[in-house]
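Good morning, everyone, and thank you for making time for this.

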Amino acid sequence: MTLSLGELNRMDRAAFAGALGAAFEHSPWIAEAAWQKRPFAGIDALHRAMVDAIMSAGRERQLALLQAHPELGASRIATEFSRQEQAAAGLGRGEPDAAVALRDLNRHYRDRFGFPFILAVAGKSRADILAAISQRIGHAAEVEFTTALDEVAKIGRFRLAALVADDDADGLAGAGERLMSEADALGAITEVPGTVTRTFLTPQHRAAAQRVLASMREAGMAASTDAIGNVVGRYEGARPGLPALLLGSHLDTVRDAGKYDGILGVLTAIACVAALQRRGERLPFAIEVIGFGDEEGVRFQSTLLGSRAVAGTFDNAVLERKDADGISLREAMVSFGLDPAAIPTAARRCGDVLGYLELHIEQGPVLEARDLPVGIVTSIAGAMRANFALVGQSGHAGTVPMPLRRDALAAAAEIILAIEERARNDGGVVATVGRIAASPGAANVIPGKAEFSLDLRSAEDATRLAVYADIVASAQAIALKRGVALTLDGTLESPAVACSDRLMAGIERAIVAQGMTPLRLPSGAGHDAMALAGLCEVGMIFVRCKGGISHNPAESITAADAETGARVLLELLRHFPRP
Ligand SMILES: [Zn+2]
């Protein structure tokens with residue numbers, strides 16, 4: 001009968017030892033000792049606990065365990081497991097000469113070491129077995145004692161696979177629910193009660209960072225805060241000091257945000273490391289999970305502060321920027337306990353980093369429309385912002401005839417419609433006028449001044465720049481026709497970033513391995529990956545969100561999609577494409 005891990009984890013000591021007693025020959029004490037280490041996340045963890053019990057049991061019990069094993073090929077066979085294993089290896093069948101040879105070797109072996117020859121015979125032929133005994137008979141006694149215990153451990157692993165059904169093959173069973181409840185807990189850490197609002201270097205940033213640091217440590221990572229206030233957890237690879245694959249996203253939010261933008265990528269990365277740790281897996285590289293302190297740029301009006309510091313592109317001029325209360329970034333860092341002069345120490349060297357992977361909610365409706373839980377990001381749109389200021393002539397709403405007016409707001413309206421028209425005619429760009437102001441702002445006064453913002457994005461920088469040039473030409477023509485003066489200034493420009501072909505292919509393989517259709521899509525929103533692209537190859541996994549809504553309390557994902565995202569990320573880590 002096969003037991004599930006869940007059932008085993010709930011058993012009392014006697015039942016547990018009874019259920020697993022057969023894993024090791026006549027030695028229920030091993031299961032009894034392992035029982036104390038419940039719950040087990042997988043068969044490997046259970047096996048490790050049992051082997052640990054053997055290794056710490058002392059010489060006498062270890063010897064008794066070895067002596068409890070039947071002789072290979074002997075007619076007197078101790079347990080059902082032994083009989084089946086030996087029969088599968090062709091022992092105990094015909095060929096009397098070979099049987100005699102094995103019996104003689106066995107006797108010779110037992111005389112020499114004081115216990116029978118033990119070998120995990122699964123997959124081995126009779127010839128393999130004879131070769132192994134002939135070779136091991138020449139071992140020094142201590143070496144052979146350890147070798148025999150290793151074989152006992154291997155046999156135990158095979159037997160556990162037959163006794164226990166692994167209901168958590170990848171270590172992520174239930175991860176979706178855990179991710180949702182952890183996102184809820186972090187969402188409750190907010191500057192404004194009733195909303196999710198967590199900006200850079202606030203007490204709420206600190207509280208969220210501390211919670212994430214604790215999760216990182218629980219997942220087996222060495223975790224600390226870096227010089228710009230990012231939290232960084234490191235899970236060593238097969239040996240310490242290997243180059244690291246960076247995973248992460250941001251801990252900060254916009255005002256009145258949702259619970260998943262940013263934080264989902266950090267929590268999912270930690271969940272993957274926790275799964276590796278539970279199963280005792282080390283990869284051929286280190287993993288570093290980073291929770292960036294500032295991506296949204298809400299407090300100091302400058303985005304990607306955390307990831308720019310890691311990429312080594314932090315602009316020190318930003319230190320003098322002030323928040324709405326007149327506190328500079330430099331001052332805020334000092335009162336948070338950080339030293340602005342140490343920011344360069346947060347930067348990574350190219351050779352220490354294998355790449356950067358970020359899982360993030362899509363913030364758009366494409367995956368939902370295609371009925372897919374996850375997607376592969378191809379590029380992050382380049383973005384620019386500009387301010388348009390128009391100066392005409394204010395005047396009395398009742399006395400200035402229409403042909404004589406120089407109405408700045410009407411000119412702005414015509415330009416805004418021209419912007420929309422131009423962007424609509426080009427599938428590769430999105431243009432948004434999100435803010436407008438008119439002055440003097442009275443119902444009975446012709447607006448003499450108007451000002452509005454433009455946000456223009458495209459996955460193709462050339463397209464964006466061409467569309468912007470057209471918009472500027474139209475705006476100038478409209479301003480000239482209407483007799484208003486136009487001034488323009490750009491406030492932010494970030495070029496488009498292409499995701500690495502290698503990482504996209506790796507994500508695609510991971511999605512296919514999970515039985516899903518891979519869909520590639522661009523990201524219209526900016527992400528930490530943009531900054532990291534200056535340091536290393538970047539890749540992004542999108543997770544479906546309801547209605548494509550983000551930067552809003554209505555932001556919503558499902559536990560199942562969160563778990564799928566984690567599965568894809570973990571699959572990718574386990575089969576990471578090396579350069
Ligand atoms: Zn984000």
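Let me begin with Ser-494, which, leaving aside residues up to four places away in sequence, touches Gly-382, Ala-383, Arg-464 and Met-530. Please keep in mind from the outset that this is a predicted model. Ser-494 belongs to strand β15, which covers residues 485-494, and with a relative accessible area of 18% it is classed as buried, since the cut-off for that class is under 20%.

A second residue in a strand is Gly-539, which sits in β18, residues 538-543, and which is buried, its relative accessible area being 0%. Which residues does Gly-539 touch, if we do not count those up to four places away in sequence? They are Tyr-356, Leu-357, Glu-358, Cys-499, Leu-503 and Ile-507. For Leu-503 there is also a C-alpha separation to quote, namely 5.4 Å from Gly-539, although the two residues are 36 apart along the chain.

Ile-507 leads us on to a pair of helices, because Ile-507 is one of the α18 residues that meet α20. Helix α18, residues 501-513, and helix α20, residues 559-574, pack with their axes 8 Å apart and at an angle of about 120°, and that angle makes the two helices oblique to each other. The crossing of α18 past α20 is right-handed. On the α18 side the contact is made by Gly-506, Ile-507, Ala-510, Ile-511 and Ala-513, and on the α20 side by Val-568, Glu-571 and Leu-572. Sorted by class, the residues of this contact are six nonpolar, one polar and one charged.

Let me set beside this another helix pair, α3, residues 28-35, and α4, residues 43-55, whose axes come within 8 Å and cross at roughly 115°. The crossing of α3 and α4 is right-handed. From α3 the residues in contact are Trp-29, Ile-30, Ala-31, Ala-33 and Ala-34, and they meet Ala-49, Met-50, Ala-53 and Ile-54 of α4. In this contact there are nine nonpolar residues, with no polar and no charged ones.

I turn now to the metal site. Which protein residues are donors to the zinc ion? They are His-250 through NE2, Asp-261 through OD and His-360 through NE2, at 1.9 to 2.1 Å from the ion. Written as a spacing in sequence, the donor residues read H-x10-D-x98-H. His-250 is in strand β5, residues 244-250, and His-360 is in strand β7, residues 353-361, so this pair ties together parts that are 110 residues apart in sequence. His-250 is buried, with a relative accessibility of 0%, and His-360, at 1%, is likewise classed as buried.

The peptide bond joining Ser-439 and Pro-440 is cis, with omega at about 5°, and Pro-440 is placed in the loop between β12, 436-439, and β13, 445-446.

Gln-301 has a phi of about 55° and is located in the loop between β6, 286-292, and α13, 305-311. Is Gln-301 buried or exposed? At a relative accessible area of 59%, Gln-301 is exposed, the cut-off for that class being over 50%. Asp-371 has a positive phi of about 60° and lies in the loop between α15, 366-369, and β8, 374-380. With a relative accessibility of 60%, Asp-371 counts as exposed.

I will finish with Gln-84, in helix α6, residues 80-88, which at 42% relative accessibility is classed as partly exposed. Between the C-alpha atoms of Gln-84 and Ala-122, which are 38 residues apart along the chain, the separation is 10.0 Å. That is where I will stop, and I am happy to go back to any of these places.

Conventions:
Residues numbered from 1 in each chain as written. Predicted model: local features only at pLDDT ≥ 70, side-chain atom pairs only at ≥ 80, totals over all residues. Heavy atoms only, no water. Axes fitted to C-alpha atoms, helices over the stretch in contact; angles between N-to-C directions. Helix = DSSP H or I, 4+ residues; strand = E, 2+ residues; numbered from the N terminus. Left-handed = near helix turned anticlockwise from the far one by under 90°. Contact = heavy atoms within 4.5 Å. Nonpolar A, V, L, I, M, F, W, Y, C, P; charged D, E, K, R; others polar. Donors = N, O, S within 2.8 Å, 3.2 Å for Na, K, Ca; no water. Buried < 20%, exposed > 50% of the residue type's maximum accessible area, 1.4 Å probe, protein only. Parallel < 35°, antiparallel > 145°, perpendicular 65-115°, else oblique.
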